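Reader: I am new to this structure. Please show me how to read its interfaces.

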Amino acid sequence: MTVEQNMTEQQRADFIKRRRNRSIAIGIALAVLVAIFYAITIAKVGPDVLVRDL
Amino acid sequence: MAYADDTNQTSSVHMGGRVEDYLELLKPRVMQLVVFTAFVGMLVAPGGINPVIGFIAILCIAIGGGASGALNMWYEADIDAKMSRTLNRPIPSGRVTREDTLLLGLTLAGFSVATLGLATNWLAAGLLAFTIFFYAVVYTMWLKRSTPQNIVIGGAAGAFPPMIGWAAVTGTISLDAVILFMIIFLWTPPHFWALALYKKGDYEAAGIPMLPNVAGERATQNQIVIYTVLLTIAGFGPVLTGLVGWFYGVPATALGVVFSALAIRLRFAEGVEMKRRARVLFTYSLLYLFVLFVALLADVGLIRWFGVF
């Protein structure tokens, strides 16, 4: 989605604010996903995560 | 997809929706019920689950439910625009595009199923995938607009969460899991038909064949009584299998008897009084399911932690 040329200043500001909020929300969702996968790994493998055959 | 180029869209659509609009697409109120029933299914299942894994599993089931909500709204935008109850949803009110909604639904569906599979097991993940497919495709696209039994079949989708919670813990589906499924499955028709009885005009305007419009009010009232009685019996099921004892059995019976009595009272009413009783039944149905599941949880808790009953 691009900032359209024919937007008024007000609309442009609103558009940028919404885009920014959406970006933040996606960022949070990705961070939560990372945390979830980390938590799954630790919960499933536990301290054995450091024990491995070389 | 051609929708983004469709005309009559307001400027707000071109700006993309607000974060709250996207969250609304996940049907947060339906999600509450999904989370609650999945949570109970998980806790009453034999054997334990790592609390972290349990929390993640509930989250996945909730997001999966949200994904099916979004897919439902993507497909139903046309009829949502015709009913007062759904007119203000994000797509008909022009806050979010259909294209965005479809992408959101598919993305969340994929991630929730994959994550649930990795965190617990693939039976639970498969059930979640099937639930999303069942709600979005079998119910929304196929049955809702073609048969007055739409609610009965659509109710199956809502009945899966406790079974998924159960499967996440045990890796299997036992008779008890099927009974939990049956309770919500049988609960859904009287719940929605009560709503349809006092919102009849809405569904008619949208062209959805709800039972009261197609078969008439009397037939609907009869069906409500039948399902409510069956539900009362199914509600006693967990006692018969030995999953729970009397601490659940007594309230379950009382709740079921009251539910049946209200359904029978509705059966013998007409006009305005009928609508009033339908509204009472609808409200009671929500209370019924909530208290029933709390009693289930309390009974299992008593047996497990104190060894009583």
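Predicted model: local features only at pLDDT ≥ 70, side-chain atom pairs only at ≥ 80, totals over all residues.

Reader: Which domains does the assignment give for chain B?

Author: Domain bounds come from an automatic or database domain assignment. For chain B these are domain 1 (17-173) and domain 2 (175-309).

Reader: How is the size of an interface given?

Author: Often as the accessible area lost when the parts come together. Here the area (1.4 Å probe, summed over both parts) is about 2,900 Å² between domain 1 and domain 2 of chain B, with 77% from carbon and sulfur atoms. On the domain 1 side, α7(B) gives the largest share, 11 residues (helices are DSSP runs of H or I, at least four residues, numbered from the N terminus).

Reader: How many residues of chain B and chain A are in contact?

Author: Contact means heavy atoms within 4.5 Å. By that rule 20 residues of chain B touch 17 residues of chain A. The two chains bury about 1,600 Å², 70% of it on carbon and sulfur atoms.

Reader: How many salt bridges are counted between chain B and chain A?

Author: A salt bridge is a side-chain nitrogen of Lys or Arg within 4 Å of a carboxyl oxygen of Asp or Glu. The count between chain B and chain A is 0.

Technical notes: Residues numbered from 1 in each chain as written. Chains lettered and ligands numbered in written order. Heavy atoms only, no water. Helix = DSSP H or I, 4+ residues; strand = E, 2+ residues; numbered from the N terminus.
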